[in-house]
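Please find below a short note on the structure under review. The sequence and the model are shown first, and numbered points follow.

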Amino acid sequence: MAPRKYEEIVTNFSSPTLVLAGPGAGKTYLLADRVKRLLDNGIDNESITVLTFGKDASQHMREELLNQTGHFKIEFKNLPHISTMHSLGFTIVQEKPRYVNLLKTNLKVQADDVAKRLLFRDAALICGFSEAYSKEAIGCKEHGDCTEEPNKKKCIICSKYREVMAKCNRLDFDDQILLACKILEKYPDILEKYQLQSEHLLVDEYQDINAAQFHLIELLSRKNRKGLFTVGDDAQSIYGFRGCDPKFILEFGDNFQGAIVVTLLHSRRCHRNIMEPSFKILKSNYPAWTGEPKLKYHKPDGDTPYIWHLPNELLEAKQVAKVANSAIKEKKEVLILTPKKDFFPILTKELKKRKIPHTCSVNLTPERLQVVNRVIEWVQDPNDNFKTRLVVEDFINTGIAKVPGADKDNRSSSTTIAKRIDEEIKIAKLWESVSKKNDLFSVIKNYANPYMTLAKLQEGFASIDETYYNFKGNNRGEFAKKIAFVSGVWIEPSKMVEDILEVVKILKDEQPTGTGSVRLLTLRKAKGLEADVVIVVGLEDDIMPNPRANNIEEEARLLYVSMTRAKEKLYLFHCFKRPRNISYGPELTKKPRSRFLVAIGRKSEWKGTYKVKS
Ligand SMILES: [Zn+2]
């Protein structure tokens, strides 16, 4: 891979191009610059499509291009197509929804993982398989290699799941791509339309595509391969669990004839003393890595990472809050990154104690309120089969039709679990009676000679429906009481007060991000972000790398991505002690630090009050 001049890369219009660009190399600038050069060369903006990984990145790209005081100063009417790959997929599906058994009106994307698992479970049970098989089927579709082959067990479930989803007129995240490809392959005129608008196809984050996404890119660029311009970094590939694979980067030259692969050798975000320790982690844990690039650093060398050893999670949280506090006093942006969300409660508690404004990436709305929310959503739209199904689950989990054993763990006896599964099968089979003319609510309402659970469901739905009707006629107190009763939440009034106070607190804590702000996220959510100060916690060897992920290479890349969010300072924390709900391994004390910290090759600094014998 011979290094080439920037000018040569951005104006290469004669072959498919892959630009390898490390963290903070100026990828967004490069893509925007490419658009500008295309327009300057007389290319019609209608034939340029830019695909980004997330919605924020799309928005950022638009702003960068339109900024009239910036570099590009593009007029709004000359803006190319800019979207995420998934929303482009959704647009394509809307061209011929009937071909994939969906309807254009009210077609929705279903992105909730809990609901997805529930509908997959229904699909497996309808087909006579156990719930365990539904997990395999989920993986099949997530990896983007679902072929719906009738002789594969998991794909029988995939097909049934799609049937159920069609009855809900919803498609999930993966199907936006999979079904779009299906439509493009079937209808040449639709394919041509999208190929024309992708004659110059720019793709960001090329390392995080899976087989289905690769297929979509291949279809769209088939007419004009020379216009394919992709940007990525195999070292930042962190979505292996969704079937994304750095192999698409490593094999770019084989996949597209005449392709050139070039490297952008700039580090504009991180200084040398952050990049070099991060490279060490890749070097010792990711053998297939394309190798350490000789970077041109655009910033003076700063501090090397602070590697701190804390006695326990409470002192870790206090130390995190202290660092964050002094950073925001200097109007710095702070990112706090954790291996999983179980770290959030103790960290947010310490931040709140010090009145440090912060945002947190997970939905902290109490579960009980979420249940109520689903019931209210349903009653306003009782013919929506998806909403009905979610409420059925709430009713059998905690509500009026409660069937114990939902978790199927060792807290329930085997008889309880067997009974529960039996009920789940009966409920799953209700889908078989659902049709265009007969929605799920009607199926339940009109079920003749109902068995006990079904009778209870009928009672629950009917009473909510009825009191909602009265609610509109001014009996609000009664409606609230009914919801609380049938959904099984707030049997004690004190719980209701507790939940409402919690929500008020969440709303109060919400602060805009920007200078002087603190954001709390899991490592995986750090993609595409940057901050002056980055703090990574939980770096013990049985948490990071996560032994359950069973993919050391990807875990190394994940930490690499996290560390290289830092513009100035980087803090890496690990603890002597860690509670059981967070540790994956059996050891709760004397926890060895992560092998990734060992790879950096420096000792940790002990930040405790007592001596530890090692
Ligand atoms: Zn499948």
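Predicted model: local features only at pLDDT ≥ 70, side-chain atom pairs only at ≥ 80, totals over all residues.

1. An open sheet is built from seven strands with parallel pairing, in the order β13-β14-β12-β15-β16-β11-β17. Its edges are formed by β13 (358-360) and β17 (605-606), each of which pairs on one side only.

2. Pairing of β15 with β16. Five bridges join strand β15 (residues 531-536) to strand β16 (residues 566-575) in the parallel sense. Within this pairing, V533 has K569 of β16 as its bridge partner.

3. Helices α5 and α18. Helix α5 (residues 113-126) and helix α18 (residues 414-429) have axes that come within 8 Å and cross at roughly 90°; the two helices are therefore roughly perpendicular to each other. From α5, the residues R121, D122, L125 and I126 meet E424, I425, A428 and K429 of α18. The residues of this contact comprise four nonpolar and four charged, with no polar ones.

4. The nonpolar core. The largest nonpolar core holds 160 residues, of which A324, V334, I336 and I535 touch the most other members. Helix α8 (residues 173-186) supplies the largest share of this core, seven residues.

5. The surroundings of I336. Apart from neighbours within four places in sequence, I336 is in contact with V320, A324, L347, V518, L520 and I535.

Key:
Residues numbered from 1 in each chain as written. Pairing = 2+ DSSP bridges. Helix = DSSP H or I, 4+ residues; strand = E, 2+ residues; numbered from the N terminus. Axes fitted to C-alpha atoms, helices over the stretch in contact; angles between N-to-C directions. Parallel < 35°, antiparallel > 145°, perpendicular 65-115°, else oblique. Contact = placed C-beta atoms within 7 Å. Nonpolar A, V, L, I, M, F, W, Y, C, P; charged D, E, K, R; others polar. Core = buried A, V, L, I, M, F, W, Y, C linked by C-beta atoms within 7 Å. Buried ≥ 20, exposed ≤ 12 C-beta atoms within 10 Å, placed from the backbone.
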